[in-house]
Amino acid sequence: MKKSITFAKDSVNCTIAVMTKRIINFIILAIILTPLATAKGQTGEIAFNFLRLPYSSHVAALGGTNISIIDDDITLAAHNPALLINVSHNTLNLGYMTYMSDSKVAGFAYNRVFGARSAGAIVARYVDYGEFEGYDENNIFTGTFKAKDMEISAVYSYLLSDRWSGGVAAKFIYSKYESLSSIALGIDLGLNYFDEEKDLSASLVFKNLGAQVKAFEEKTEKMPFDIQLGITKRFANAPIRLSLTMNNLHKWSDDDFYNADGSKDGFGKKLLKHFTFGADVLLSERIYASIGYNYRMTKELSTADSKWDGLSLGAGISIKKFKFGVSYSKLHVSSNSLLFNASYTL
């Protein structure tokens, strides 16, 4: 729920007209910026795919994609900047994830509250892919080199009304692979609606709007742009919270998935690849267990025709000012991943 201890309701609420205008302005801004993700002159290749990786262990446990969970958890703001408004002032988070082979991912986040309606944060992530051996065109060893990705985001969130919040994350993105490097600037735009009485949350996010400002070589590549729509609902008489997230809403005619026998997925499964399903079991006010399923991951990451590679699990606990979360999922075809988050409110 939105934290009343941090964001007291203003004595005078925003009028419907003002709130509607703000929401419309948000959508117009997103529409204006969207063409940057598919600008002419870019190749069909997509760079900076590490931006698709989950920052939050809670999100990873719910299938790797979630933008609508309402909780006092700063890691959720890395997936939807509008959710930063729910986080307690002066929260510090550290994250760590095992990834493919020897790769490791480290994360950092810190937030501040400004007045009754706004909050800001810095979120950073570093991906170290380890050391590689280099060879020239004649297969002669040229030495070892490293590969790395980095992302730094400045996040701002504003409480539009008692139920609506919006947010923006401005990103600086840098990648370096041996002698090649690339820089990009990106923006995430997020909008959230939360009805506390019904415990219902819905969100819309435009992710990775922007473009490369320095390409690896001569041709620029696309950003991993995504439009996501999500909803989360808690049952009134049961400690269960369900989430449904739709992704790639701008891309309904992308590549087909093939089954082990060479056949293509039918219409139902083509539709299913745009959905991520998640469920939380709220064991108490301080402990949760999560499970998620992502059909797209099942098809993209499976070496055999396994139906379980898109399954993810996780749990979290909150003890006074300290929060800890862990998740288990498959994010790369070569290995499974463990993601840890630890937060402390200073």
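**Surface, fold and selected residues of the predicted chain**

The model is predicted, with local features requiring a pLDDT of at least 70 and side-chain atom pairs a pLDDT of 80 or more, whereas totals for chains, interfaces and linings use all residues. Residues are numbered from 1 along each chain as its sequence is written, and side-chain values use heavy atoms, with hydrogens and water left out.

The average pLDDT of the chain (the predictor's confidence in each residue, from 0 to 100) is 85, and 79% of the residues score at least 70. Over residues 3-14 the pLDDT is below 50, and this stretch has 22 contacts in the model beyond near neighbours in sequence; a contact means heavy atoms within 4.5 Å. Where pLDDT is low, predicted coordinates should not be read in detail.

The chain contains four helices and 16 strands, taken as DSSP runs numbered from the N terminus (helices H or I, at least four residues; strands E, at least two). Of the 346 residues, 48% are buried; buried means under 20% relative accessible area, exposed over 50%, and partly exposed in between (1.4 Å probe, protein chains only). Of the contacts between residues at least 6 apart in sequence, 56% join residues at least 24 apart.

A nonpolar patch on the surface has about 1000 Å² of accessible area together, and includes Phe 235, Val 281, Ile 319, Phe 324 and Tyr 344. Patches consist of residues with over 30% relative accessible area and no salt bridge, nonpolar side chains (Val, Leu, Ile, Met, Phe, Trp, Tyr) being joined within 5 Å and like charges within 9 Å. A salt bridge is a side-chain nitrogen of Lys or Arg within 4 Å of a carboxyl oxygen of Asp or Glu. At least two residues of the patch come from each of β11 (240-246), β14 (311-319) and β15 (322-332). Phe 324, in strand β15, is partly exposed, with a relative accessible area of 34%.

Two loop residues are buried. His 274, in the loop between α3 (267-272) and β12 (275-282), has 0% relative accessibility and therefore counts as buried. Apart from neighbours within four places in sequence, His 274 contacts Thr 245, Met 246, Asn 247, Asn 248, Lys 251, Trp 252 and Arg 296. Ser 88, in the loop between α2 (57-61) and β2 (91-98), is buried at 10% relative accessibility. The side chains of Ser 88 and Asp 72 are joined by a polar contact of 2.5 Å; a polar contact is a pair of N or O atoms within 3.5 Å, where within protein one must be able to donate a hydrogen and the other to accept it, and residues adjacent in sequence count only if both atoms are side-chain atoms.

Notes
Accessible areas come from the Shrake-Rupley method with a 1.4 Å probe; for residues, only the protein chains shown count as cover.
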